[in-house]
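Open the model in a viewer and keep the sequence panel beside it. The stops below say what to select and what is there.

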Amino acid sequence: TEPTGTAPRGGGVGTPGRAAIAAPHLRTDRWWLAPAATAAGLLAFVVYSTWRAFANAHYYAAPYVSPFYSPCLAENCRDMRAGPNADLFGSWWGISPAIIILIFPLGFRLTCYYYRKAYYRGFWASPPACAVAEPHGKYTGETRFPLILQNIHRYFFYAAIPVAGVLTYDTVLAFRDEHYAWGHMGLGTLVFLVNIVLIWAYTLSCHSCRHIVGGKLKHFSKHPVRYRAWQFVGRLNARHMQLAWASLLSVALADFYVYLVASGVFDDPRFF
Ligand code: FES
């Protein structure tokens with residue numbers, strides 16, 4: 001028999017054996033601030049990136065190419081520059097070429113352990129915050145379709161590596177001037193440099209990466225190189241949330257910078 005004073009039968013906080021507390025929660029701080037700010041930040045990025053991804057314009061200002069549009073895999077942007085472009089999608093591809101490539105970083109971030117927490121809390125209130133019960137009647141976690149698909153995160157991590165490689169190549173190309181002469185630097189080069197460092201730091205701080213690098217080992221002492229790599233990734237992993245936000249901001253800023261220069265708002269200030 002249930003002891004007196006327990007909550008009625010049901011799921012979540014109504015599970016038998018839990019204290020019967022009438023209040024929805026006992027937190028007195030502004031617990032809603034973090035999920036609200038998270039939702040606002042993510043929504044702002046979704047609105048901005050949707051606009052830019054479908055714009056199909058102002059994504060190239062020599063020597064810079066927007067990270068949203070690289071690599072270009074459609075015929076409709078093949079003249080963009082001498083870069084890692086390939087005509088995999090011919091003239092039948094009529095919409096923005098960004099859509100082809102953005103699937104990969106989008107899938108990587110959408111299935112990321114941190115972003116999952118962020119949008120489960122921010123958009124689905126599942127749960128809204130620590131010690132605040134979720135409003136939904138039942139909770140099945142990620143055990144069923146469609147959320148069980150979150151398990152493919154590791155494969156998006158594999159895809160994120162070549163994408164980061166291409167953005168690295170674009171950053172190298174940014175050391176040219178607008179006539180493609182090497183050995184130059186502009187403000188855009190700095191913007192790209194900051195972005196690529198943050199993109200790599202975020203990618204390597206991935207939880208799947210940490211497991212790939214150091215998981216399934218019985219003895220670290222027998223795998224000194226992997227142990228070192230795992231320690232390095234672990235240090236980055238501790239900052240995964242910060243790197244997720246910083247790289248999200250930097251990739252949007254790098255794109256916005258290209259947009260401003262390409263649309264003629266200002267000229268890229270050149271240092272040398
Ligand atoms: Fe966040 Fe893999 S866990 S990118």
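**First stop: I148**

Select I148: it counts as exposed because it has 12 C-beta neighbours inside 10 Å. The classes run as follows: buried means 20 or more other C-beta atoms within 10 Å of the residue's own, exposed means 12 or fewer, and partly exposed lies in between, with C-beta atoms placed from the backbone. This is a predicted model, in which local features need pLDDT of at least 70 and side-chain atom pairs count only at pLDDT 80 or more, while totals for chains, interfaces and linings use all residues. Residues are numbered from 1 along each chain as its sequence is written.

I148 sits in the loop between α3 (113-122) and α4 (153-173). Helices (H or I, at least four residues) and strands (E, at least two) are DSSP runs, numbered from the N terminus. Leaving aside residues up to four places away in sequence, I148 touches E142 and T143; contact here means C-beta atoms, placed from the backbone, within 7 Å.

A125 is not a glycine, yet its phi is positive, about 50°. With 17 C-beta neighbours inside 10 Å, A125 counts as partly exposed.

Next, select S126 and P127, which are joined by a cis peptide bond with omega near -10°. P127 is also in the loop between α3 and α4.

A131 lies in this loop too. A131 has a positive phi of about 65° and is not a glycine. A131 is exposed, having 11 other C-beta atoms within 10 Å.

Then select F145 and P146, where the peptide bond is cis with omega near 0°. P146 belongs to the loop between α3 and α4.

**Zoom out to the chain**

Show the whole protein chain as a cartoon. Eight helices and two strands make up its secondary structure, in the order α-β-β-α-α-α-α-α-α-α along the sequence. The C-alpha trace spans about 80 × 50 × 40 Å along its principal axes. The chain has 272 residues, of which 27% count as buried. Of the contacts between residues at least 6 apart in sequence, 65% join residues at least 24 apart.

Colour residues 31-51, 92-115, 155-175, 181-202 and 243-266, which an unreviewed UniProt entry lists under the feature "transmembrane region". UniProt positions are given in the numbering used here, feature names are shortened, and annotations may be inferred rather than shown by experiment. Residues 92-115 are 67% helix and 0% strand, with 34 Å between the end C-alpha atoms. Residues 243-266 are 83% helix and 0% strand, and their end C-alpha atoms lie 29 Å apart.

**Two helix pairs**

Select α4 and helix α5 (residues 187-204), which pack at an angle of about 165° with their axes 10 Å apart. Axes are lines fitted to C-alpha atoms, for helices over the stretch in contact, and angles run from 0 to 180 degrees between N-to-C directions. α4 and α5 are therefore roughly antiparallel to each other, the term for angles over 145 degrees. Their crossing is left-handed, meaning that the near helix is turned anticlockwise from the far one by less than a right angle. Show the residues where they meet: A160, I161, A164, L167, T168, D170 and T171 in α4, and F192, L193, I196, I199, W200 and T203 in α5.

Now select helix α1 (residues 33-55) and α8. They pack at an angle of about 35°, with 11 Å between their axes. The crossing of α1 and α8 is left-handed. In α1, F45, Y48, S49 and R52 meet L248, A252, D255 and Y259 of α8.

**Last stop: the nonpolar core**

Which residues of the largest nonpolar core touch the most other members? Select Y64, Y69, I199 and V258, out of 45 residues in that core. Helix α8 (residues 240-262) supplies the largest share of this core, eight residues. A nonpolar core is a set of buried Ala, Val, Leu, Ile, Met, Phe, Trp, Tyr and Cys residues joined through C-beta atoms within 7 Å.

Finish on Y69, which touches Y59, C77, P97 and A98, not counting residues up to four places away in sequence.

Technical notes: Contact = placed C-beta atoms within 7 Å. Parallel < 35°, antiparallel > 145°, perpendicular 65-115°, else oblique.
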